[in-house]
Amino acid sequence: MAVLQFREAIRDAIDEEMDRDEKVFILGEEVAEYNGAYKATEGLLDKYGFKRVIDTPISELGFSGIGVGAAMKGLRPIVEFMTFNFAVLAADQIINHASKIRYMLGGQASVPIVFRGPNASAGQLGATHSVAYDSMYAHFPGLSVIYPSEPDDAKGLLKSAIRSEDPVLFMESEQMYGMKGEVSEEDDYTIPIGKAKIKREGSDVTVVATGKMYHVTKQAAEQLAKDGVEIEIIDPRTIKPFDMETVIESIKKTNRCVIVDEAHPFGGLASEVGFLIQREAFDYLDAPVQRVCLPDVCAPFSKPLFDLWLPDAKKVIEAVNAVSYR
Amino acid sequence: MAKKKQEAIFTPIGLNNDKNGKVEKSVKLPDFTDKTHKDLKLSDDDVVEMYRLMQLQRRFEERAMQMYQKGKFGGFLHLYIGQEAVSTGTVFALDDEDDIITAYRDHGWGLVRGISPKEGMAELFGKAAGCSKGKGGSMHFAKTENNFWGGYGIVGGHIPIGGGLAFANKYMGNDKISTCFFGDGAVDQGALHETLNMSQLWKLPCIYIVENNGYSMGTAANRHTVGEIHERAKGYGMKSALFNGMDALTVYENMKEIADDVRKNGEPYFVEIRTYRYRGHSMSDPQKYRTKKELEEYQKIDPVERMKSYLLENDILKEEEVEKMVEDIENEVMEAIEFADETPFPEPEALYEDMFTGTPYIHDRK
């Protein structure tokens, strides 16, 4: 195992796939000469040159569409967004085109493309830079959505995403790029898309959390353990396809569940997974499923308001206590 | 006395303007080419085939319209009638390996790039034997094996994708070029600006072609966009052209020259082809935004009739040969209708097919 930063794991995955396949290239704002806004593409320009590491203007709609067209012709573009908050400008290409072209042309074209970049909030950045988009994209048929929490997951899943024959949204976090973790040194290490990982075993409450929320939940677990409550943390890693089986198996053991979701409450991961749990594991539940998510308001700037807004370990603990009737 | 304040007006007024009562169309047709097909190095057979293709598109759509009115199929139906010289002149100017992508007025483009009348009509009917297996319908004809990448339904949405096809050609270094067609309505979309800017900056071998038929749905060109459309190219330092789209030879001459230039110099081109659609935007369009007189003026210079006259005047075909050809086309289209009517709908399982190239994943499907 090597200890790598999250950004290094991302870069290694891209590097290995570009090395393996000439058709893989990366484009986006500041990816080449600037070496990446968050240094996730550092050194790639030097290694692969200007043909395959391409700086774009600030034209998310345009360069995403160029990626889609290039993918239809058999290339494998990695489109980097400086944040998924800016990808909203490219939503027409992701939602109306990348996800639908194959179906509406009766299977005559494939769109093997990865859209990647940081997702959700990164501190006091105000309302337009703080939204979690994983659930929104998971709504649309044809798109896979990955939101890993640790460098190892990031490396293995990004390699799988680049090899996917279909469009994948791969979400990172500005606040996780510097986070270190052990990463497998296995040759050509990949993790299958759609497999959850039990990251902490526990018998009292199942807690589902991914991305940044995994780390919030981990903090909560440490405090709860001091009180003798052992939570089982399941990191789905992939929002879609969602590994429901692992969640249900865990609930059969714990009989209680909390979902921690960095999105707003309406129609998000928490509501979908919560619905499926009540349908698939109704008889196993000893308490209604609880969710911890953002309130239905925009991200505020002011520090005290922001802290109220973002889910934290305290809120997770409260939800765990609620389902445990403590 | 206070001066009477005038009511604010935003969009220029069209037929509702009781002062002049007519639409100020910005579509003035440039001259036709005065060259003959021989001057353009086209054979007699080529121009006969041009006529056949235009007549096929015309008959296919006239009959499709009837079938729609008879209730044989639903959805949208946007007819290309009047614009056939554009698709026809273009396919002759391009290599078969060059890419074509277009908007939702796509039946003509499909037919000139090898979708058979049977496959096309079956698609309109929503049948499994349709070119897109009945999944796309009228707006999503495609034949990717012939480098026809499809018709698209979001105005302007396919423009960057056209740029992406050209990007791939440049990346692979294969000397192919891409062509991306859209209507005058699409020039008002931001996607066009972003794509033109990147295409010139990155030197993408792509031709962006506005088929300016004078109307963005029911809004005349001078009511939805400023200035001359082709002049937008200046803002990007891009080469541009403007020509008449009511004559296949004019389209061929210009598109050939432009395609050669793009292939040779590896830089994009912005083209405005002025044309006219005879039918409404779609089948539900009452066409209150234009006068009958205007429509008749354009029907007088119909591209299909024009090519027929050319063939007769130059003794390339005799009247009875033309009649025979039209009869054959009519029969082919009627056979296509019969086929489309009888061939089966997709099986229920097809609902879940063609979503993925790799491992399929349908959420919450038992």
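I began with the chain interface: 33 residues of chain B are in contact with 36 residues of chain A, contact being C-beta atoms, placed from the backbone, within 7 Å. I noted that this is a predicted model, in which local features need pLDDT of at least 70, side-chain atom pairs count only at pLDDT 80 or more, and totals for chains, interfaces and linings use all residues. Residues are numbered from 1 along each chain as its sequence is written, and chains are lettered from A in the order in which they are written.

I then asked which elements give two or more residues to the side of chain B that touches chain A. They are β2 (148-151), α5 (159-172) and α6 (190-202) of chain B, where helices (H or I, at least four residues) and strands (E, at least two) are DSSP runs numbered from the N terminus. The largest share, 9 residues, comes from α5(B).

Next I looked up the domains of chain A, whose bounds come from an automatic or database domain assignment. Domain 1 spans 2-183 and domain 2 spans 197-323. Their C-alpha centres lie 26 Å apart. Domain 1 of chain A gives 24 residues to the contact and domain 2 of chain A gives 21.

Finally I examined A:Val207. Leaving aside neighbours within four places in sequence, I found A:Val207 in contact with A:Thr217, A:Ile231, A:Glu232, A:Ile233, A:Val258, A:Val260, A:Val316 and A:Val320.

Notes
Contact = placed C-beta atoms within 7 Å.
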